[in-house]
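Visitor: I am new to this entry and would like to know what the terms used for it rest on. Could you show it and then take my questions in turn?

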Amino acid sequence: MTDTKAKLQWGVMNAIVVVFALVPVLWIMSLSFKTPATLTDGKFIPREWTLENYRNIFATDQFVRALVNSIGIALIATVIAVVLGTMAAYAVARLDFPGKQLLVGVALLIAMFPQVSLVSPLFEIERQLGLFDTWPGLILPYITFALPLAIYTLSAFFKQVPWDLEKAAKMDGATQGQAFRRVIAPLAAPGVFTTAILVFIFCWNDFLFAISLTSTERSRTVPVALSFFTGESQFEDPTGAICAAAVVITVPIILFVLFFQRRIVSGLTSGAVKG
Amino acid sequence: MSERTSKLSINATPAGADVTADEADPRTGGQHATVPAQRANRRRRPPLSENKRAERKLGWLLCAPAALVMVAVTGYPILYSVWLSLQRFDLRFPDEREFVGLENYITVLTNEFWWTAFGVTMLITVVTVAVELVLGMGLALVMHRTLVGRGIVRTAALIPYGIVTVVAAFSWRYAWTPGTGYLANLFSDGAPLTERASSLAIIMLAEIWKTTPFMALLLMAGLALVPEDLLKAASTDGATGWQRFTKVMLPVMKPAILVALLFRTLDAFRVFDNIYVLTSGANETSSVSMIAYNNLIRGLNLGIGSTMSVLIFITVAIIAFIFVKLFGTAAPGSDDGERR
């Protein structure tokens, strides 16, 4: 009895959350399905449906190339940032060594500096090193600006992990390194996957670096490609195309989150330290 | 549990010794001698000083890659910006470049546009972060505890954060423009994006909608670490739902809350995309990042633009400092009694 009541309550709350989150998204979808003539009619549901906008964005190679670039760059940057961040965060949370405060401070400093002002010096450096308009040219800044968040998030989680388990592992003869890999890393999984989601979204959404540090299809990412919809092709009304592209590029995010949210499981550690 | 630990002890001896040896190698020669000693000592418990030294080395090794990448990419650009902020340097008049000390700072700090933008930014930061903390906590609880459709709720809730900011901002602008948008038609009195108060409200709404999931996700991962047993014990002892929340959950989540608040505040204070698309700073809705951008990229006045960047940085640094002090030992890197 109480069970169904609880389920009902949660159902209502879930519905609120979903509506809150999705109404503006549905609005973008609705715009993407509207014909140019009805685009500005102010109706939430399109009166005339069309797939024209989707056909248009896939008609040229430009968008597909950008999609490939975005996925590749965001995935590589996420993996590297999470691995480096995990290592550093473990040291920050668990080990005692001189220079720890410095690392934490520097990471925060980087997170705080307005990125607008870092773009032009980065542009000059990358031109000289031949990194301009390449994948690594974007991956490196993404890793850098994702790392502070990764280190902070992860070390906050590492502090909460039940450390008796590590002690137990060490008592059984594991080294510090093994205790890290085999005991702590799995326990810190919720933090790691949360970080992965945040970093991936950060890389995926970045516009500032992408537009300043790329110049051709070779490494141009989707948000930048979107801005070129407005600039060059179909000048009269790119809104429909932009919205269609926005819907398409949200799909990888949904897949990524769907895949990783399962890892943020509750009660992972409950009971582990009892016996 | 017992199975896991036994597996560990089997693997420990050979691999573990190698790891320590590798770690010692790049360091100074004198420390090579400690490796065999450590190896021998492993069966008895090694003395504290040896242990400490190994711990330091491991700490440095684990941090080195992250530190190297961060410093290599941002070291020069940050110093360069600070250096520029001390110069009169306008790309339109490159010949007049000279070192002027703190003059740029005086120019900016006595400018009313700067203070208007500063006020707007502060308002947006305080309101959005406060609302997002409450909403985000609620959202985190729903995402974490819900009995039905957990995967769908979590994914749906995170979609706003995943949508490219510029596109989301365009859709809001479209929705609030009279004639083309469903929202403007709902509240049909004038054009909300042409008045200051309603523009700011819409900017904040767009910000909150977009970034609450960020807050919620960080808080939810903190929630995942609250031991289920502790909650059960509290409720057996007769704690109400509110008491369980404030007395059991919040203390455990403190580090997660700090990180969520800190990074959200840092981001909120540098709000740019939404304002850029929604109002372009019209009707005194510019944020400090907007005017810094206008000076740096549009106006090509590198001196003043860099000065603004440094001032934004200093403000944000003060905010961060206050947060870290408020949260005390929950801050990463602080040495508290909890270790070991």
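Guide: Two residues are said to be in contact if their C-beta atoms, placed from the backbone, lie within 7 Å. The model is a predicted one.

Visitor: What makes Val108(B) a residue with contacts beyond its neighbours within four places in sequence?

Guide: Leaving those neighbours aside, Val108(B) is in contact with Trp114(B), Ile304(B), Thr307(B), Met308(B) and Leu311(B). Leu311(B) is 203 residues from Val108(B) along the chain, and their C-alpha atoms are separated by 9.1 Å. That distance is between C-alpha atoms, whereas the 7 Å limit applies to C-beta atoms.

Visitor: Why is Val108(B) called buried?

Guide: A residue counts as buried if 20 or more other C-beta atoms lie within 10 Å of its own. Val108(B) has 22 such atoms within 10 Å, so it is buried. Val108(B) lies in helix α4 of chain B, residues 103-109.

Visitor: Why is Asp133(A) called partly exposed?

Guide: The class sits between the buried limit of 20 or more and the exposed limit of 12 or fewer. Asp133(A) has 17 C-beta neighbours inside 10 Å, so it counts as partly exposed. Asp133(A) is found in the loop between α5 (116-129) and α6 (135-160) of chain A. Asp133(A) also has a positive phi, about 60°, although it is not a glycine.

Visitor: What makes α9(A) largely enclosed by the rest of the structure?

Guide: Of the 17 residues of α9(A), 16 are buried, so the helix is largely enclosed.

Visitor: How do you know that the reach of helix α9 of chain A is close to the expected one?

Guide: The expected span is 1.5 Å times one less than the number of residues. Helix α9 of chain A, residues 189-205, has 17 residues and reaches 24 Å from its first C-alpha to its last, close to the expected 24 Å.

Visitor: What else describes chain A as a whole?

Guide: Chain A has twelve helices and zero strands. Its C-alpha atoms fill a box of roughly 70 × 70 × 30 Å along the principal axes. Buried residues make up 51% of the 275 residues in chain A. Among the contacts of chain A with a separation of 6 or more, 76% join residues 24 or more positions apart.

Visitor: How do you know which parts of chain A are annotated "transmembrane region"?

Guide: The label comes from an unreviewed UniProt entry and covers several spans of chain A, including residues 12-33 and 135-158. In the model, residues 12-33 of chain A are 100% helix and 0% strand, with end C-alpha atoms 29 Å apart. Residues 135-158 of chain A are likewise 100% helix and 0% strand, and their end C-alpha atoms lie 32 Å apart.

Visitor: What makes up the two domains of chain A, and where do they touch?

Guide: Chain A is divided into domain 1 (1-50) and domain 2 (59-261). The contact takes seven residues from domain 1 of chain A and seven residues from domain 2 of chain A. On the domain 1 side, five are nonpolar, one is polar and one is charged. The C-alpha centres of these two domains of chain A lie 30 Å apart.

Visitor: And in chain B, which residues form the domains?

Guide: Chain B has domain 1 (14-85) and domain 2 (112-330). Their contact takes four residues from domain 1 of chain B and six residues from domain 2 of chain B. The domain 1 side has two nonpolar, two polar and no charged residues.

Visitor: What is the confidence in chain B?

Guide: Chain B averages a pLDDT of 75, and 79% of the residues score at least 70. For the complex, the predictor gives an ipTM of 0.77 and a pTM of 0.78.

Key:
Residues numbered from 1 in each chain as written. Chains lettered and ligands numbered in written order. Predicted model: local features only at pLDDT ≥ 70, side-chain atom pairs only at ≥ 80, totals over all residues. Domains from an automatic or database assignment. Nonpolar A, V, L, I, M, F, W, Y, C, P; charged D, E, K, R; others polar. Helix = DSSP H or I, 4+ residues; strand = E, 2+ residues; numbered from the N terminus. pLDDT = per-residue confidence, 0-100. UniProt positions renumbered as here; feature names shortened; annotations may be inferred.
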